[in-house]
Amino acid sequence: MNTSQKIILSSLFALAFIISTPVAFSTTLGDQWDSLKASLSTAEKSPTKDESLNNLQTAKNIYTDNFKNAAISVDAESDILITNAFSNTESMLSAGNIEQASLNRQIIDKTIYKIAFMKMQLAITQNNSADFLSWFTVMEKKFKISENYSDINTLSNGIKSNSSLLSVNGPQITEKLLEIFKLKTVEELEEAIAALDKGDLKSAKTFTYEGLYYYRTLHPSIEEKIGAESANELLHKMESAISVTMSDKSIDIMKSEITQISEEVELIIRQYEGGDVSELGLALSGIKDRLNLVKIEYLDAVKDGKIINQEEYDETVVFLTKAIEIFNSNKLAFTELSDSATQSLEKNLTDIDSIVSAKGSTDEVVTLVEKSLANIASLQEFGG
């Protein structure tokens with residue numbers, strides 16, 4: 001075969017490969033984050049050490065290629081956290097310590113959210129809608145924005161269709177995302193308590209890790225609004241929660257200490273919100289947050305009368321149970337503010353509980369949650 005024939009044959013093979021290979025979709029930063037997370041998870045489940053380390057290297061390459069420079073430019077601490085977590089994960093996988101490797105995954109996974117969020121903030125100041133939307137795909141992928149947050153989705157679609165809307169819609173989106181991170185900070189401690197109640201220490205550890213690294217995205221906003229001292233105190237509380245679950249204390253003592261930490265965290269969160277921090281004010285805000293979590297979790301938990309995600313369903317039950325518990329503990333005081341609003345809220349909570357127990361309509365739960373939030377707003381107004 002002469003040189004010309006070899007070239008032609010090579011070209012034909014290349015063309016055949018292109019034709020037979022499916023056209024790849026345009027990979028977003030959200031897709032890259034998802035692939036990184038999947039590679040880390042696969043590394044933990046791989047049957048051999050070599051496979052584990054290969055998958056870990058894949059995740060590391062994705063981070064280096066897509067997120068590392070961004071981290072260095074906006075928050076060098078985040079890059080250090082992720083780099084150290086990769087190094088520690090390699091050691092843990094080599095030693096067969098899968099549980100600790102899984103905890104390290106929370107550090108890597110959730111620290112990328114902070115990088116993405118800060119890049120979005122920077123894009124707003126630079127009036128760079130393309131960059132904003134590119135980093136927004138991480139949030140979009142993680143939180144299923146198009147499915148679960150119609151208000152954020154509408155704002156982002158506005159920017160996609162008209163880039164000049166970035167200056168108006170961008171800050172609204174980041175504020176709404178901060179609300180999600182605020183809820184996650186509260187949520188993970190609640191879940192850790194529920195896990196300890198079941199004697200599930202492994203899950204409790206995971207939840208406290210998730211809580212801390214979700215909080216890191218919220219931390220700068222806490223510092224800006226109520227000061228570095230309060231922000232650092234909250235950071236310390238979230239770190240303390242990890243220390244508790246990683247200790248050799250009894251489950252009962254752990255649960256008691258995490259419950260105390262959770263209450264202290266919520267108090268700082270309420271101060272950050274600028275809301276009423278009286279006993280009743282905290283109770284109403286506590287119910288409100290947990291009902292918002294019920295709405296979010298239940299949407300992913302049930303479909304057509306069946307549980308499609310047991311973890312999300314269990315979390316729905318945890319948050320709803322806590323909301324009802326707070327209501328019952330404060331019902332008399334709520335009644336003094338407004339008997340009608342209290343009765344309406346009680347009925348809505350009872351109806352939500354019935355629907356969730358029966359794995360009923362997600363739309364009905366969303367509607368009842370919205371009605372309940374209106375009841376809470378009325379009680380907050382009556383409470384001044």
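This report describes helix packing, the nonpolar core and several individual residues in a predicted model.

Helix H10, which spans residues 166-197, is approached by helix H7, residues 129-143, with the two axes coming within 12 Å and crossing at roughly 25°. Because of that angle, H7 counts as roughly parallel to H10, and H7 passes H10 in a left-handed crossing. On the H7 side the contact is formed by Ser-129, Phe-132, Phe-136, Met-139 and Phe-143, which meet Leu-166, Gly-170, Ile-173, Thr-174, Leu-177, Ile-180, Phe-181 and Lys-184 on the H10 side. Sorted by class, this contact of H7 with H10 consists of nine nonpolar, three polar and one charged residues.

Helix H6, residues 98-125, also packs on H10, and here the axes come within 10 Å and cross at roughly 155°. Since an angle over 145 degrees counts as roughly antiparallel, H6 is roughly antiparallel to H10, and the crossing of H6 and H10 is again described as left-handed. The H6 residues involved are Tyr-113, Phe-117, Met-120, Gln-121, Ala-123 and Ile-124, and they meet Leu-166, Gly-170, Pro-171, Ile-173, Thr-174, Leu-177, Leu-178 and Phe-181 of H10. In the contact of H6 with H10 there are eleven nonpolar and three polar residues, with no charged ones. Leu-166, Gly-170, Ile-173, Thr-174, Leu-177 and Phe-181 of H10 are listed in the contact with H7 and also in the contact with H6.

## The pairing of H14 and H17

From H14 the contact takes in Leu-284, Ser-285, Ile-287, Lys-288, Leu-291, Asn-292, Val-294, Lys-295, Tyr-298 and Leu-299, while H17 supplies Thr-362, Val-365, Val-366, Val-369, Glu-370, Ser-372, Leu-373, Ile-376, Leu-379 and Gln-380. The classes represented in the contact of H14 with H17 are twelve nonpolar, five polar and three charged residues.

## The largest nonpolar core

In soluble globular proteins, nonpolar side chains tend to be buried together. In this model the largest nonpolar core has 106 residues, and those with the most contacts inside it are Phe-67, Met-139 and Leu-291. Helix H10 contributes the largest share of this core, namely 14 residues.

As for Phe-67, when residues up to four places away in sequence are not counted, Phe-67 touches Leu-29, Gln-32, Trp-33, Leu-36, Ile-62, Ile-112, Ile-115, Trp-135 and Val-138.

## Individual residues within helices

Gln-100 is located in helix H6 and, with a relative accessibility of 16%, counts as buried. Leaving aside neighbours within four places in sequence, Gln-100 is in contact with Met-92, Tyr-209 and Met-246.

Ile-72 lies in helix H4, residues 68-74, and is partly exposed at a relative accessible area of 46%. Ile-72 and Ile-242 are 170 residues apart along the chain, and their C-alpha atoms are separated by 26 Å. Ala-130, by contrast, belongs to helix H7 and is exposed, with a relative accessible area of 53%. The C-alpha atoms of Ala-130 and Asn-157 are separated by 12 Å, the two residues being 27 residues apart along the chain.

Asn-127 has a positive phi of about 55°, although the residue is not a glycine. Asn-127 sits in the loop between H6 and H7 and is exposed, with a relative accessible area of 56%.

Lys-144, also a residue other than glycine, has a positive phi near 50°. Lys-144 is placed in the loop between H7 and helix H8, residues 145-148, and is partly exposed, with a relative accessible area of 35%.

Notes
Residues numbered from 1 in each chain as written. Predicted model: local features only at pLDDT ≥ 70, side-chain atom pairs only at ≥ 80, totals over all residues. Heavy atoms only, no water. Axes fitted to C-alpha atoms, helices over the stretch in contact; angles between N-to-C directions. Helix = DSSP H or I, 4+ residues; strand = E, 2+ residues; numbered from the N terminus. Parallel < 35°, antiparallel > 145°, perpendicular 65-115°, else oblique. Left-handed = near helix turned anticlockwise from the far one by under 90°. Contact = heavy atoms within 4.5 Å. Nonpolar A, V, L, I, M, F, W, Y, C, P; charged D, E, K, R; others polar. Core = buried A, V, L, I, M, F, W, Y, C linked by side-chain atoms within 4.5 Å. Buried < 20%, exposed > 50% of the residue type's maximum accessible area, 1.4 Å probe, protein only.
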